[in-house]
Amino acid sequence: MRLLKRNNYSSLSDELLILEYRKKAQSSILGELYVRYGHLVMGTCMKYMKNRFDAEDISMHVFEKLGNRIQTNEIQYFKSWLFTVTRNECLMVLRKKGTVHLELTRDPVYEEPTGEKELQEIRLEALEAALEELKDEQRDCIRLFYLERKSYEEIASRLHFDLNKVKSAIQNGKRNLKIQLEGRNEFKSNP
Amino acid sequence: MNLNLIHSLFGSSSPLKRSDIETYGRTTDPLVKNAVEQKAAADSFDADAMEGWEELGYDTGALNRLDKQFMPKSNLGWYIGGGLAVAGIVAVAVVVIFTWNSAEPESEALVQQAEVETDHEQLNITLDESDVVLPALIEQMHDAPELKQLQPSIIKQDFHDIEAIRRKEPPGPVAELPILELSTDRHRDVEIIRKHEQAKEIYLHDLKLIDYRNYRSQPQVKTRQMILTGLPADYEETGMEEQDPTWQEVNVPYIDFIDKSMRIFGQGNYKRALSRFETVLETYDMDVNARFYAGLCLYNLGEYDQSIPNFEACINGPYSNFDEEAKWMIGLTYEHMGERVKARKIFEEIEKEGGYYKDQATKKLR
């Protein structure tokens, strides 16, 4: 049964893994972080570098330096911290090449999901009203994506938008909805 | 409007896993795609990563080198061992269900019927026409002598080296062409060709390809498939009728079709690969991927006369990604044909242009 036994770290939260690594500095802890985030690091590097080989090299570098960084950095939320580290590594390489064509469209801030209690406090009619305040394209994309569960491609095809426009309409629409609902004091426990 | 919307919009979402990326790349089910897209949309890191994986054709094989270095051995074992164990459990379960069902009384008929249908579904196998029958013209071709072939491993190495050289140079502009709807007409190019420029690339089975998903809307290949259903032997007496399998015209996502084609090409099965590239060209007759690899198949099948127009089409086509390789292949093809003057002219051009094949061209000219 040895093959079926996963390491003990798989059940620990990121925060506990970081604490554990600071105590023991075991490579298997870094391995567990790689299992959780290796594909996100590689994908993000690919997005910015547009080149598989550079993406692979930078991902390699991120995980090689990870242990040292965990020991020396203050980390509040590991996932968003790792996202920032990854993007910065990509930016450094792009700057060295003199080709910073990167558009930082999203801030790497931790997007804490709303708790169950706060979710229960959001009134459907308030959400409906907030949806109506959105731009048409954002509202249509949000409805199709979250209510009708249409894929990006289906939405793009139906609304005659390109895929990027669909993605940004959903992201922006979601953000604007949250702002609207906060303005209506719907996130009472999460000001 | 319901509460699910509130949860989907603002609630916590499970993190995007590697298996989600693989599933997203393989599935054509819009609901499954939406589920993964919702996960990715919940977090910037996941969203950026998904955009990166799109560039890689959602092929997580790109993590192989990283896995070797960072994946804990226990996890590698778990993935392999877990996979084997799951396969074993499924196999045992199938045997148990079949045995149990055959002993069930009539009162369980409906349950049994449902299970028959489920099992029946799981036994479906889809065959592409090229798996079974090849066009007569291709069927009669024969592999060229091995020494006269260009093995896929060589072309993979060339791609790798060319890419390594490119990495040292600042990247040039990448084509951003308007995405157009798929035409239902066959034998017709559906893209507007404005310039000869570098397109976005992906690697499948270590072979370079233009990623047409960036330049076509819902790229699909019209092909013929047969679904082999078959009934388990235990159900022969249940009165269910087995339908005769028939060929059906279907639209297969381009990326799935080309992925299988590249695997077949990489295995050195040039006749089958050629048949599939021909199928692509029936829908997109200026498809540079199909032109280039069809040219290579024909070269390895010793059909030099036919390979040259395919390589030339790559150079004259809308994208420049295969220019160097195609020109080199034209030179080699003329050489094999005994057309020394033409071969020499091509090698001289390559030498003058000073690209990746310059040194090899210089050797040829000595």
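A: Let us begin with K200(B), which sits in the loop between α10 (152-168) and β2 (201-204) of chain B; here helices (H or I, at least four residues) and strands (E, at least two) are DSSP runs, numbered from the N terminus. Residues are numbered from 1 along each chain as its sequence is written, while chains are lettered from A and ligands numbered from 1 in the order in which they are written. This is a predicted model, in which local features need pLDDT of at least 70 and side-chain atom pairs count only at pLDDT 80 or more, although totals for chains, interfaces and linings use all residues, and side-chain values use heavy atoms, with hydrogens and water left out.

Is K200(B) buried or exposed? With a relative accessibility of 19%, K200(B) counts as buried, because buried means under 20% relative accessible area, exposed over 50% and partly exposed in between, with a 1.4 Å probe and protein chains only. Along the chain K200(B) and E55(B) are 145 residues apart, yet their C-alpha atoms are separated by 7.9 Å.

From this lysine we can turn to charged side chains in general. Over all chains the structure holds 28 salt bridges, a salt bridge being a side-chain nitrogen of Lys or Arg within 4 Å of a carboxyl oxygen of Asp or Glu. One of them joins the side chains of D48(B) and R87(A), at 3.7 Å from N to O. This pair crosses between chains, since D48(B) belongs to helix α4 (residues 44-55) of chain B and R87(A) to helix α4 (residues 78-97) of chain A. Both ends are buried: D48(B) has a relative accessible area of 1%, and R87(A) has a relative accessibility of 5%.

Another salt bridge stays within chain B, where R18(B) and D67(B) bring their closest N and O atoms to 2.8 Å. It links distant parts of the chain, with R18(B) in helix α2 (residues 18-26) and D67(B) in helix α5 (residues 64-70), 49 residues apart, and both residues are buried. A further bridge connects E349(B) and K345(B), at 3.6 Å from N to O. These two are four residues apart in helix α16 (residues 340-353) of chain B, and so they are separated by about one helical turn. In this pair E349(B) is partly exposed, with a relative accessible area of 28%, whereas K345(B) is exposed, at 52%.

Among the buried residues of α7(A) are C141(A), I142(A), L144(A) and F145(A). Just after this helix, R149(A) takes a positive phi of about 55 degrees.

In soluble globular proteins, nonpolar side chains tend to be buried together. A nonpolar core is here a set of buried Ala, Val, Leu, Ile, Met, Phe, Trp, Tyr and Cys residues joined through side-chain atoms within 4.5 Å. The largest such core has 69 residues, and those that touch the most other members include L33(A), L177(A) and W53(B). Helix α2 (residues 27-49) of chain A gives the most to this core, with 13 residues. Leaving aside neighbours within four places in sequence, L177(A) is in contact (heavy atoms within 4.5 Å) with residues including I142(A) of chain A and L9(B) and F10(B) of chain B. A second, separate core of 62 residues includes F292(B), L301(B), L332(B) and L365(B).

Finally, there are 26 aromatic pairs over all chains. Rings of Phe, Tyr and Trp (its six-membered ring) pair if their centres lie within 6.5 Å, and planes under 30 degrees apart count as stacked, over 60 as edge-to-face and the rest as tilted. The rings of Y254(B) and Y284(B) have centres 6.1 Å apart and planes at 80 degrees, so this pair is edge-to-face. Because Y254(B) lies in helix α11 (residues 254-266) and Y284(B) in the loop between α12 (270-283) and α13 (288-300) of chain B, the pair ties together parts that are 30 residues apart in sequence. Both of these tyrosines, Y254(B) and Y284(B), are buried. An aromatic cluster in chain B includes F159(B), F265(B), F277(B) and F292(B), and F292(B) is also in the second core.
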